[in-house]
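Biologist: Before I use any label on this model, I want to see the value behind it and the cut-off it is held against. Shall we go through them in turn?

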Amino acid sequence: MVTRRGFVGGAAASTAGVYVGSDLLFGGSEILSPATANSLAAVAEDVVRTTCWIGKQDCGMLARRVNGRVVKFDGDPANPRNVGTLCPKGQAQIVSIYDPNRVKTPLVRTNAKGVSGEWRKASWAEALTMVADQVNEVRSRNPKMVLWQKGRSKAKSFYDDAFVKAIGSSKLGHGAYCSDAGYRALEYTLGLHGVIHPDFEHTNYLLGWGWNITNAGGNKFCWLTWPRQMVAARERGLKIVHIDPRLRSAGPFADTWVSIRPGTDLALALALSNVLIEDGNIDVDYLTKYTNAPYLVGDDGLFLRVDELPQVWDQAAGGPVVAADATTPALEGTYEIDGESYKTGFTTWKDHVAGYTPEWAEDICDIPADRIRTIGHDFGEAASIGSTTVVDGVEVPLRPAAIMAYHMAQQELGFQALRAMTMVNMMVGSVGAAGGAFSDFTWKIHKNYEAFEKLAVEDPPYDFLLNHSKYFPINTGFPAILAKVMNDPDKYEVEDVPEVAILHMVNPLASFPSQPEFLESYPKFKFVAVISPWLNETADYFADVVLPAATVEKYEGPISATDQYIDATTMRIPAMDPLFESKGEIDIYLDLTEEIGVLYGEDGYLAQVNAALKLEEPFALPLDTKPTPREILDRWSKAQGLDKGIEYFEENGVLLKGRIDAAKRYGYATDPPFGGALHRLYGESLLKAQSEMKAKGAEETYWRDYTALPTWRAPTMEESPAEYDQYLISYHQVENKQSRTGFVPLLAELTPRQHLDMNPAAARAKGLDDGQEVTVESHNAVTGETRRITTHIAYTESIRPDTVAMPHHFGLWSHPTSRGRGPSPNEIYFTGEGYMTNTADQSFHVKVKVEST
Amino acid sequence: MTKYQMIVDLDRCQGCRACMEACKIENNTTEGTFWMYVFRLEEGVYPDAKLSFLPRPCQHCEDAPCVKVCPVGARFKRDDGLTLTDYERCIGCRYCELACPYGVNYFNWEKPEDRTYGDWSDPDLEPITGGLNPPWSNPALAEPQGPEQRMTAGGGHHKGVMEKCTFCVHRVDRGEVPACVETCPVEALRFGDVDDEGSPISRYIREHDHFRLLDDLGTKPSVVYVGGQPPSDEAHEIELVKARVER
Amino acid sequence: MTTTLGDAGTTPTRATGPGLPQGIGKLTRGWTLFMAVTLAASLFGVYAFFYQQANGEIVTGMRDVGTMRGAPWGLYIAFLVYFVGVSFAGITIAALIRLFNLERLRPLARMAELLTVVSLVLGTLAILADLGQPVRGVINLFRYARPQSPFFGTFTLVIAGYLFASVVYLYLGSRRDAAIMAKESTRLQGLHRFVAAGYKDTAAERGRHETATFWLALAIVPMLVVAHSTLGFVFGLQIGRPGWFSALQAPAFVVLAGVSGIGLLIVLAAVVRRACGEQESLDEYVFSWLGRLLAVLTITYLYFVVTEVLTATYGGGGRENDVTDAMLSGRYAWIFWGSMALFGASLVGLLIQILTKRWSIGALVAIGLAVNLAAVGKRFLIVVPSQTDGMLLPYETGSYSPTWVEYGVVIGLIAMGAAAIGIFMKLIPIVELPEEADTRVT
Amino acid sequence: MSRKAISLTMLLVGIVLVIVSYFFLSAPWGADSVKNSNPRMQFAPALLVLGVIMAFSSAVVYELLPDRGDSTPEDSDE
């Protein structure tokens with residue numbers, strides 16, 4: 001191989017010589033036999049089965065190799081998730097593998113932090129020692145003061161979870177910037193970890209809510225798998241009502257476009273429930289059996305409890321009975337018990353939404369009332385309440401009306417909006433029904449379901465993530481809050497702030513709002529280690545040490561390959577050795593823990609890996625020898641009953657476990673139904689949390705959205721002065737993923753520069769032309785702070801006149817390819833009070849004014 | 001006799017442009033060169049705006065204007081329907097480009113190796129890529145193709161000659177479908193032999209309403225559009241790519 | 001205006017004084033200066049050409065149509081069309097003079113032929129400048145050229161046949177004068193002997209010359225039409241190019257060719273008249289005749305333009321209109337109306353002179369230059385807008401503006417042409433020596 | 001053989017060459033298949049040009065061919 005490589009180089013060089021020679025004479029014309037710069041003699045082709053690295057959902061890939069060098073990635077036909085296809089990112093990522101601008105060796109900072117970095121190359125040994133010493137120094141005092149932060153776990157996150165456990169550090173993700181408000185809402189309401197998506201095999205009527213139909217996917221999958229199922233469903237006759245200020249996100253697939261005003265989704269969801277109840281499109285059976293709708297609610301908003309047990313009104317018994325024991329619980333009604341009046345949860349809800357009529361919502365959402373009524377009516381009719389169907393031999397209720405929502409959770413009222421949208425599905429009983437609304441691919445109840453039953457609101461001092469605080473009884477873990485806390489611990493009654501940060505595949509400075517907070521807070525870390533294939537912006541400004549990670553060329557896994565119907569698992573197999581001196585993450589964590597001294601022994605790293613992968617004898621890793629990543633995955637594979645171990649994946653790419661049993665897939669059919677979780681229509685514990693927050697002196701901004709039932713209020717941004725007359729929203733482009741595609745020149749060619757989508761009529765009214773450079777100034781209605789960026793107008797008729805939109809992924813500077821392509825909207829979003837949810841999740845809405853520069 | 005044609009299903013296309021990227025990597029095309037291009041089109045006025053997507057490979061016309069006008073027979077028509085460019089014979093007069101109503105031809109305005117999305121001369125890459133430019137270049141493309149054994153595949157990018165979509169001749173000759181068809185996430189692109197009545201593509205064409213681009217010009221394109229309509233005169237592009245190469 | 005008729009044959013000033021007539025062999029200051037300038041410009045053109053060869057045509061303003069929003073054909077092709085057009089006039093005049101024995105125009109014949117030869121060579125070079133692979137181009141055209149490509153017509157008929165015919169025509173016509181001058185013993189005697197190739201001006205020889213040139217002329221005239229039509233077809237047969245696909249392309253080409261050619265011939269004649277002291281042979285009659293011809297051709301051409309614009313605006317579909325709009329009211333309007341204005345003004349100037357029967361050579365020269373400038377403009381408009389604004393798929397509108405390289409090459413070509421004529425004038429009489437000269441011969 | 005004959009032959013040969021190379025040696029008409037892209041004989045176009053040149057050269061030959069002794073002006077007129 002090496003010798004052939006040598007030959008290749010020679011051949012290329014010599015032919016190149018011919019080319020240059022002829023160049024001077026005839027401008028490079030090769031009359032009879034053109035110098036073919038790539039012509040090689042011997043060509044050895046082979047294929048390595050691996051998985052995509054650049055995107056969200058780790059599609060199966062075949063790495064086509066010539067003489068050991070990857071020349072192309074193709075989709076793996078065996079992988080149910082992408083069935084032999086790849087997206088533009090998947091195709092283009094090959095360029096980034098060979099990118100000479102990757103971090104080639106460990107780097108050590110030689111200049112002050114807070115400005116663009118200057119570096120010296122270091123050996124792995126030296127770099128690891130530096131990190132280990134810093135970590136250990138802090139661990140000896142308080143391991144929690146070591147912060148491990150990761151943007152996205154590719155594959156199963158066992159190896160980094162194990163690291164966090166092994167060193168006992170604090171942990172921070174990126175979810176608060178994604179759709180975690182939705183995750184929290186669904187964990188709370190259904191007990192499932194995920195937002196909501198349809199059952200495309202059966203759904204006939206879909207509310208495509210937000211920009212996820214074709215703009216960067218949604219729940220669980222990225223935009224490749226969902227559209228595959230969506231276009232197939234449309235050929236079946238699926239109708240899509242697209243609810244988004246922009247049409248672009250559903251494009252030609254929107255049968256109806258409802259251009260809703262940004263931030264008012266909660267109001268629309270409430271109005272839809274109002275219509276459903278008015279039309280009587282209510283699944284009484286589901287609500288009575290599987291939700292807490294029958295629970296009796298007192299005037300104080302709390303359940304009627306006897307020995308802590310919630311009561312329902314049993315029609316047979318003609319009185320309150322412990323919910324569990326009731327045979328004929330009443331779904332509706334108001335009952336006198338011991339002189340107190342009690343309503344069922346459903347009646348409370350009914351009364352609650354009674355005021356939320358389409359006419360009420362019309363002005364708020366800027367959608368004609370009759371349109372809302374029509375949608376609510378069609379949704380209810382499409383749900384065909386009471387009907388059933390047989391799927392794979394199992395009879396399940398058929399409710400082919402669903403909602404697909406994901407990133408729209410990124411708004412101030414996101415948590416309650418997602419609750420309200422889930423309740424729209426609950427009204428017609430479409431949760432977990434054929435064609436209905438799903439949140440996860442299984443009905444495994446998430447631990448938060450129980451945790452949220454009693455929300456702990458503790459007394460200060462709080463940890464720096466404000467867990468169990470009076471601010472965020474439900475707390476996603478918000479990097480921007482950490483930044484705020486680090487900048488002003490006293491304000492949040494925090495004593496200790498983290499001292500050492502290990503940042504893995506995360507780029508807070510560039511990819512999170514809001515830059516100023518991070519610029520101020522991250523230099524406060526005594527030591528920052530970054531694990532990344534590229535010298536990203538955060539590393540550039542704050543890292544003391546950078547450890548070069550491999551991209552796709554490494555062992556990683558296991559990775560789910562399901563498409564929600566077929567169960568399958570795959571692995572990331574290195575198609576080449578890691579380029580330059582980079583290493584796969586598993587290698588890095590093995591080396592790092594060894595250096596820190598927590599690799600071996602009980603509850604050492606290896607022990608934690610065993611636990612995370614559920615590796616038991618005989619497959620468990622011995623706790624005294626350092627394994628290779630391949631060996632770890634080999635043991636896991638064998639533990640799954642694959643005799644060949646990892647070789648199975650190296651040969652076949654994907655482990656197909658067949659179609660998911662309908663009895664496991666549909667909530668009604670599982671045993672117990674819906675995984676045994678009683679769906680929370682009425683959120684009693686939210687209300688309880690509210691009173692405790694009040695009691696502990698939290699300001700209204702923190703507790704006002706802790707209401708038992710989703711309750712509309714105008715978003716904070718509406719308090720901005722009238723001159724800020726445009727809503728700024730942001731979105732993903734299919735060509736980009738977070739900040740790691742900014743390095744890929746092919747994708748930069750498709751999305752050359754940042755722009756501001758604006759309705760031509762609105763723009764002309766301000767005298768702004770297409771392509772004109774403008775400043776966009778945002779206003780924080782709470783602090784009065786303003787922020788500005790300059791970008792270029794892009795006329796589009798597919799957006800509300802009162803709304804402007806910008807894609808993310810721009811505003812990078814550390815890589816030649818990403819430089820100079822315009823700002824990121826993150827630079828003018830605000831974070832914190834008024835611009836986040838009650839669950840500490842970012843809102844990507846703000847009022848702005850657009851002016852010519 | 002085999003007649004290869006491509007189907008573009010406009011009811012499925014989501015305009016993601018994966019096909020464009022697959023083509024670029026498969027054929028090692030240079031910056032600003034889009035053998036496959038996907039229009040993202042908008043027409044109408046808010047709130048009645050309409051969006052549509054229109055993939056545009058070379059139409060491989062049966063009655064190809066580009067072939068007619070080529071002064072030296074570098075652009076030629078293969079019996080299986082492929083319209084190819086012999087980049088060893090092309091003299092770079094760009095007449096084919098003007099004759100083509102679809103705008104699918106791309107001229108090598110400068111040394112292609114100067115437009116490969118980066119400087120790949122990094123010595124640290126040498127051991128891995130053997131100094132190849134670009135590192136993902138596929139030598140198979142630089143081999144003569146088909147029965148006529150002419151240099152027609154994507155490997156040949158030479159300053160001063162014309163190039164365009166080849167329907168991935170090097171793959172088709174090996175019984176594979178073009179790279180764009182293979183990668184399409186929503187299977188909006190299909191490829192096959194329309195002379196074979198029983199082939200899936202023949203059936204698909206029979207069973208769906210379809211049209212061909214600029215049919216009235218009599219070029220008889222080999223690309224069949226299913227669903228949707230031809231782009232109207234009002235339709236205009238949104239989300240423009242960086243397409244003009246400058247010095 | 002027929003006053004000069006009497007002394008047409010004999011004039012004391014002609015072909016007398018020391019040395020050869022028409023200042024042949026004499027290097028005047030003016031001529032040297034002229035040569036210096038033209039050669040310098042030519043060298044610059046050569047530099048620009050090789051600069052382009054080394055860097056690729058990225059250094060020109062040309063780019064691909066479609067996604068790249070450019071024009072793959074630009075100044076080079078516009079001037080190819082222009083040069084070939086100019087060549088038309090020369091050989092036509094020469095042929096007509098021969099066929100209809102227009103004795104009084106005979107002084108024009110040789111410079112007309114010369115103009116044809118030179119401009120055809122420039123046309124060829126313009127093609128080479130445009131090719132991405134010039135060397136391959138020369139070889140592969142001889143090797144693979146296909147008849148069904150209109151380009152083939154340009155290549156074989158226009159360049160090969162037409163050029164060679166003109167060369168032969170020019171050569172055979174020059175023999176007699178060469179023979180006359182070969183009598184004087186000068187540095188050029190060798191050359192003159194060679195050109196004369198044993199011509200003794202016997203009755204037989206003259207007879208043969210009559211015959212040969214008659215048939216040549218007869219052969220050339222139809223070929224002209226074919227040649228220029230094929231050039232028109234290069235554009236006219238393109239269904240895919242709004243603004244090109246038109247039956248009028250070919251005839252319009254021929255007529256505009258005439259206009260520019262005659263215009264240039266007027267200029268050249270005026271120069272020769274001055275430089276070589278040919279006031280008597282190139283008299284007012286000659287210029288008035290050219291003037292009338294130019295007027296007729298201009299009127300015809302303007303008629304073509306009107307009909308073409310009308311059909312385009314009236315009948316033309318969506319994209320067809322885009323091109324016409326770009327030309328009439330859009331980015332190219334200034335070129336279109338500029339050219340039209342020049343044509344119009346020239347026509348007016350000519351008509352005035354025709355009606356008043358008072359001819360001013362100065363005015364004619366100005367008109368000659370004006371119509372050529374206009375012709376260049378029109379050639380540009382034939383080539384470019386249909387590319388930048390004529391895409392049938394919804395591509396963004398394109399743009400094209402030439403770079404210094406393209407200007408350099410074109411200027412270089414024009415300079416080369418001028419230099420060639422300059423040199424010729426110093427070697428062979430550019431105006432046929434008068435009849436009485438041969439009395440001295442025998 | 002008289003000059004007329006010689007030059008006429010040249011003329012004819014030239015014209016024939018043109019016709020033959022144009023219609024029978026260069027690429028066949030049509031654009032529908034590979035064979036239409038190749039001349040039936042390589043360098044056929046060169047032959048065509050050669051033919052054109054020959055045809056016109058006949059005029060030169062006609063004029064320049066040196067007289068053979070007995071030839072008189074009368075031989076050569078129309």
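Modeller: Start with a charge over a ring: the charged end of A:Arg246 sits over the ring of A:Tyr731, 3.5 Å from its centre.

Biologist: What makes A:Arg246 count as sitting over the ring of A:Tyr731?

Modeller: A charge sits over a ring if NZ of Lys or CZ of Arg is within 6 Å of the ring centre and within 35 degrees of the ring normal. The distance for A:Arg246 and A:Tyr731 is 3.5 Å, so the pair is within the 6 Å limit. A:Lys104 also lies over a face, that of A:Phe580, at 5.4 Å from the ring centre.

Biologist: On what terms are such values given?

Modeller: The model is predicted; local features need pLDDT of at least 70, side-chain atom pairs count only at pLDDT 80 or more, and totals for chains, interfaces and linings use all residues, while side-chain values use heavy atoms, with hydrogens and water left out. Residues are numbered from 1 along each chain as its sequence is written, chains are lettered from A and ligands numbered from 1 in the order in which they are written.

Biologist: Why is the pair of C:Phe79 and C:Tyr82 called edge-to-face?

Modeller: Rings of Phe, Tyr and Trp (its six-membered ring) pair if their centres lie within 6.5 Å; planes under 30 degrees apart count as stacked, over 60 as edge-to-face and the rest as tilted. C:Phe79 and C:Tyr82 are 5.8 Å apart, centre to centre, with 75° between the planes; the distance is within 6.5 Å and the angle over 60, so the pair is edge-to-face. Both residues lie in helix H2 (residues 75-99) of chain C, 3 residues apart, about one turn of the helix. Helices (H or I, at least four residues) and strands (E, at least two) are DSSP runs, numbered from the N terminus.

Biologist: Why are C:Phe79 and C:Tyr82 called buried?

Modeller: Buried means under 20% relative accessible area, exposed over 50%, partly exposed in between (1.4 Å probe, protein chains only). C:Phe79 has 10% and C:Tyr82 has 8%, so each is under 20% and counts as buried.

Biologist: And what makes B:Glu187 partly exposed?

Modeller: Its relative accessible area is 32%, which falls between 20% and 50%. B:Glu187 is found in the loop between helix H6 (179-183) and strand E8 (189-193) of chain B, and has a positive phi of about 50° although it is not a glycine.

Biologist: Which value makes A:Asn67 buried?

Modeller: A relative accessibility of 6%, and 6% is under 20%, so the label holds. Phi of A:Asn67 is near 50°, also a positive value in a residue other than glycine. A:Asn67 lies in the loop between strand E2 (60-66) and strand E3 (69-75) of chain A. Most residues other than glycine have a negative phi, and most peptide bonds are trans.

Biologist: Which peptide bonds are cis here?

Modeller: Among them are the bond from A:Asp671 to A:Pro672, with omega near -5°, and the bond from B:Asn133 to B:Pro134, with omega near -5°. A:Pro672 is in the loop between helix H22 (662-665) and helix H23 (684-695) of chain A.

Biologist: What makes B:Thr33 buried, and what does B:Thr33 contact?

Modeller: The relative accessible area of B:Thr33 is 4%, so B:Thr33 is under the 20% limit. Leaving aside neighbours within four places in sequence, B:Thr33 is in contact with B:Lys24, B:Tyr106 and B:Glu163. B:Thr33 and B:Glu163 are 130 residues apart in sequence and 9.2 Å apart in space, C-alpha to C-alpha.

Biologist: How do you know that chain A and chain D do not touch?

Modeller: No contact joins chain A and chain D, and their closest C-alpha atoms lie 14 Å apart. By contrast, 32 residues of chain D are in contact with 30 residues of chain C.

Note on methods. Contact = heavy atoms within 4.5 Å.
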